[in-house]
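Please examine the sequence and the three-dimensional structure shown below.

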Amino acid sequence: MNILIAGITGLIGKKLAIDLSPNHTIFGIGRTKSNVLKVTKNAFDWNDDLEQIISKNQIDVIINLCGASIGQLWLKHYKFILKNSRFEPTKKIVSVLNKFPHIHLINASGIGVYGYTKSTDKNEGQESIPAKTPKNFVDKGFLCRLSREWEKLACTHKNTTLLRLAPVFDYYGGIYKKIITPSILKVIIQFGQGEIPFPWISLSDVSSMIELIIQQKCTGAINACTDEMITYKEIHEKIATHHRCKKITIPDEYVSFLFGQMGTELFLNGSQAKPLKIIKSGFVFKFPNFDSFLNNTLS
Ligand SMILES: NC(=O)c1ccc[n+]([C@@H]2O[C@H](COP(=O)([O-])OP(=O)(O)OC[C@H]3O[C@@H](n4cnc5c(N)ncnc54)[C@H](OP(=O)(O)O)[C@@H]3O)[C@@H](O)[C@H]2O)c1
């Protein structure tokens, strides 16, 4: 198949380009063509005519992974960047897709779409469109509203998969790299008490999941997280033990003070989701629990 990846220069995009290229032809689009060229020779930027790119290259699938990192302080201007970096590419894509109804759009989203919760009781984010707020969840947060608005835009194309991603763990990037950065000083820093649910998924499983979604043409909302119930605190404890580091906990009040709304939503409130649909489709996790992910770092 001919697959166009928007946001190919990011963590997930680069991995996908490598994993999908043996069986598919990969095209990439981003803000800077020279950066996209580092990942694929079939490179475009947003000034190129998207309609022509699609028709000339007979694109079958578009994977939209665009979005500025949520891991920076959510100051007013940065909130604008967070929204624009997601909404603008998505609007561009769906605005031409009315001419190509057969194209399968796989649009990234996050499990934050369900809102946040401190409850570790089994309570699953239903994979419905639009996302419903489960019992004991709060759907007033910035991230929740951002994700819902983003999904609404993507869903104007009917043949769409909303991939609701949990934090993605990889040895060489993303959240894991950030957590282990202070390990050179033999410490791991946990922001807040951490008694909150913390769904997660490995980068390797995200990539295989997308491959399966393409193969089986799965549409609708899909939770991309493992089935493991683990807390933010347990994840930090496991990482600290694995790297033989001391775990330092920053009290909740300091987290709110230091990181404002971003700290409160990301570190002091959790989210929950279950990967029901993808498991039903026959997906088998390479790393079903955090121990298996960590143990693989040894090899
Ligand atoms: N990784 C996770 O843990 C995780 C969890 C939940 C949801 N997600 C969502 O999944 C998507 C892909 O994740 P990822 O980790 O691969 O993302 P990423 O590495 O942070 O970046 C993805 C792409 O977004 C574009 N981008 C970055 N900053 C931008 C800005 N300020 N303005 C416009 N475009 C910008 C970049 O493309 P160009 O520079 O080439 O234009 C980049 O390649 C994102 O939307 C992310 O929010 C990720």
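The sections below describe a strand, the nonpolar cores, the surroundings of the ligand and some backbone features.

## Basis of the report

The model is a predicted one: local features need pLDDT of at least 70, side-chain atom pairs count only at pLDDT 80 or more, and totals for chains, interfaces and linings use all residues. Residues are numbered from 1 along each chain as its sequence is written.

Helices (H or I, at least four residues) and strands (E, at least two) are DSSP runs, numbered from the N terminus. A residue is called buried if 20 or more other C-beta atoms lie within 10 Å of its own, exposed if 12 or fewer do, and partly exposed in between, with C-beta atoms placed from the backbone. Strand 6 covers residues 160-165, and because six of its six residues are buried, the strand is largely enclosed by the rest of the structure. In a regular strand the side chains alternate between the two faces of the sheet. Here Thr160, Leu162 and Arg164 point one way, while Thr161, Leu163 and Leu165 point the other way, and all are buried.

Two strands are said to pair if DSSP finds at least two bridges between them. Strand 5 (residues 104-110) pairs with strand 6 in the parallel sense over six bridges; Asn107 has Leu162 as its bridge partner in strand 6. Strand 10 (residues 220-224) also runs parallel to strand 6, joined to it by five bridges, and its Asn223 stands opposite Arg164.

## Nonpolar cores

A nonpolar core is a set of buried Ala, Val, Leu, Ile, Met, Phe, Trp, Tyr and Cys residues joined through C-beta atoms within 7 Å. The largest such core has 73 residues, of which Ile5, Ile63, Leu165, Val206 and Ala224 touch the most other members. Helix 7 (residues 203-216) gives the most to this core, with six residues. Another core, of eight residues, lies apart from it and has Phe259, Met262, Leu266 and Phe267 among its members.

Which residues does Leu165 contact, leaving aside its neighbours within four places in sequence? They are Ala108, Ser109, Gly110, Ile111, Ile201, Val206 and Ala224, where contact requires C-beta atoms, placed from the backbone, to lie within 7 Å.

## Surroundings of the ligand

A residue is near a molecule if its C-beta atom, placed from the backbone, lies within 6 Å of it. There are 26 residues around the ligand, and Gly7, Gly10, Gly30, Gly67 and Ser85 come nearest. Elements giving two or more residues to this shell are helix 1 (11-20), helix 2 (33-37), helix 4 (76-97), strand 5 and helix 6 (174-180).

The shell divides into 13 nonpolar, eleven polar and two charged residues. In this count, Ala, Val, Leu, Ile, Met, Phe, Trp, Tyr, Cys and Pro are nonpolar, Asp, Glu, Lys and Arg are charged, and the others, Gly among them, are polar.

## Backbone features in loops

Most residues other than glycine have a negative phi, and most peptide bonds are trans. The peptide bond from Ile129 to Pro130 is cis, with omega near -5°; Pro130 is in the loop between strand 5 and helix 5 (142-154).

Lys186 has a positive phi, near 65°, and is found in the loop between helix 6 and strand 8 (187-191). Lys186 counts as exposed because it has 11 C-beta neighbours inside 10 Å. Arg244 also has a positive phi, of about 50°, and is in the loop between helix 8 (232-242) and strand 11 (246-250). With 8 C-beta neighbours inside 10 Å, Arg244 counts as exposed.

How values were computed: Two residues are in contact if their C-beta atoms, placed from the backbone, lie within 7 Å.
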